[in-house]
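Me: I would like to learn how to read the features of a protein model, one at a time. Could you take me through some, giving the general idea and then the case at hand?

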Amino acid sequence: MDNHERFMQAAMEEAKKAAEIGEVPIGAVIVRDGEIVGRGYNLRETRKDPTLHAEMIAIREASERLGGWRLIGCTLYVTLEPCPMCAGAIVQSRVEQVVYGAADPKAGCAGTLMDLLNEPRFNHQVPVVSGVLGEECGQLLKDFFRRLRKKGK
């Protein structure tokens with residue numbers, strides 16, 4: 001197993017924590033020098049805060065742990081392609097690479113709907129690796145929403 005898959009599996013473990021508490025199962029980890037320095041999973045519903053996406057939480061944790069807002073040398077692994085808000089935070093925090101699992105045709109801003117991570121007018125661009133364990137990441141979301149629909153009937 002390569003490093004991308006290993007760290008995506010760690011992000012998937014975070015996503016499962018979200019699912020356990022009824023949140024949309026999206027998870028993220030930030031890695032520097034082969035070590036996870038930030039973790040996060042969706043907490044929007046639980047904390048009634050629209051900014052508490054997995055990526056945002058992982059960025060905050062990594063910044064605190066590393067003692068600064070510039071996440072130079074860091075790679076962010078996330079189970080679902082980042083939305084506009086998260087893409088903006090990724091650019092602003094100077095993350096050096098993003099690796100995501102499932103594409104997001106409704107809000108993906110790492111190349112699917114638009115590509116904010118590589119917008120040349122910004123002062124920082126972020127290389128992207130897409131589709132790492134994409135089927136598995138997508139299945140977490142499909143299973144979650146299937147259970148939700150069943151519960152609603």
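Reply: Let us start with contacts, where contact means heavy atoms within 4.5 Å. Leaving aside residues up to four places away in sequence, E5 touches V132 and L133. This is a predicted model, in which local features need pLDDT of at least 70 and side-chain atom pairs count only at pLDDT 80 or more, while totals for chains, interfaces and linings use all residues. Residues are numbered from 1 along each chain as its sequence is written, and side-chain values use heavy atoms, with hydrogens and water left out.

Me: Where does E5 lie, and is E5 buried, partly exposed or exposed?

Reply: Helices (H or I, at least four residues) and strands (E, at least two) are DSSP runs, numbered from the N terminus, and E5 lies in helix α1. For accessibility, buried means under 20% relative accessible area, exposed over 50%, and partly exposed in between (1.4 Å probe, protein chains only). E5 counts as partly exposed because its relative accessibility is 31%.

Me: How many salt bridges does the structure hold, and which residue forms one with K16?

Reply: A salt bridge is a side-chain nitrogen of Lys or Arg within 4 Å of a carboxyl oxygen of Asp or Glu, and the structure holds six of them. K16 forms a salt bridge with E13, and the closest N and O atoms are 3.3 Å apart. Both residues belong to helix α1 (residues 3-20), where K16 and E13 are three residues apart, about one turn of the helix. An α-helix has 3.6 residues a turn, so residues three or four places apart point the same way. K16 is partly exposed at 34% relative accessibility, and E13 is partly exposed at 44%.

Me: Which residue does the side chain of E14 meet in a salt bridge, and is E14 buried or exposed?

Reply: The side chains of E14 and K17 meet in a salt bridge, at 3.0 Å from N to O, and these two residues also lie three residues apart in helix α1, about one turn of the helix. E14 counts as buried because its relative accessibility is 3%, whereas K17 is partly exposed, with a relative accessible area of 37%.

Me: What parts of the chain does the salt bridge of E35 and R65 link?

Reply: The side chains of E35 and R65 meet at 2.4 Å, N to O. This pair links distant parts of the chain, with E35 in strand β2 (residues 35-41) and R65 in helix α3 (residues 54-66), 30 residues apart. E35 is partly exposed, at 40% relative accessibility. Elsewhere, salt bridges that share partners join E14, K17 and R39 into one network.

Me: How is a pair of aromatic rings described, and how many aromatic pairs does the structure hold?

Reply: A pair of aromatic rings is described by the distance of the centres and the angle of the planes. Rings of Phe, Tyr and Trp (its six-membered ring) pair if their centres lie within 6.5 Å; planes under 30 degrees apart count as stacked, over 60 as edge-to-face and the rest as tilted. The structure holds two aromatic pairs. F7 and Y77 form a tilted pair, with 5.4 Å centre to centre and 40° between the planes. That pair links distant parts of the chain, from F7 in helix α1 to Y77 in strand β3 (residues 74-80), 70 residues apart, and both F7 and Y77 are buried. The pair of F144 and F145 is edge-to-face, because the ring centres are 5.1 Å apart and the planes stand at 80°. F144 is buried at 7% relative accessibility, while F145 is partly exposed at 33%.

Me: In what order do the strands form the sheet, and which strands stand at the edges?

Reply: Two strands pair if DSSP finds at least two bridges between them. Five strands form an open sheet in the order β2-β1-β3-β4-β5, with mixed pairing. β2 and β5 (128-129) stand at the edges, each with a single partner strand, so one side of each is left without a neighbour in the sheet. Strand β4 (residues 97-102) runs parallel to β5 and is joined to β5 by two bridges, and V98 stands opposite V128 in β5.

Me: Which elements do the buried residues of α4 pack against?

Reply: In helix α4 (residues 84-92), C86, A87, A89, I90 and V91 are buried. The buried residues of α4 pack against α3, β3 and β4. Just after α4, R94 takes a positive phi of about 65°.
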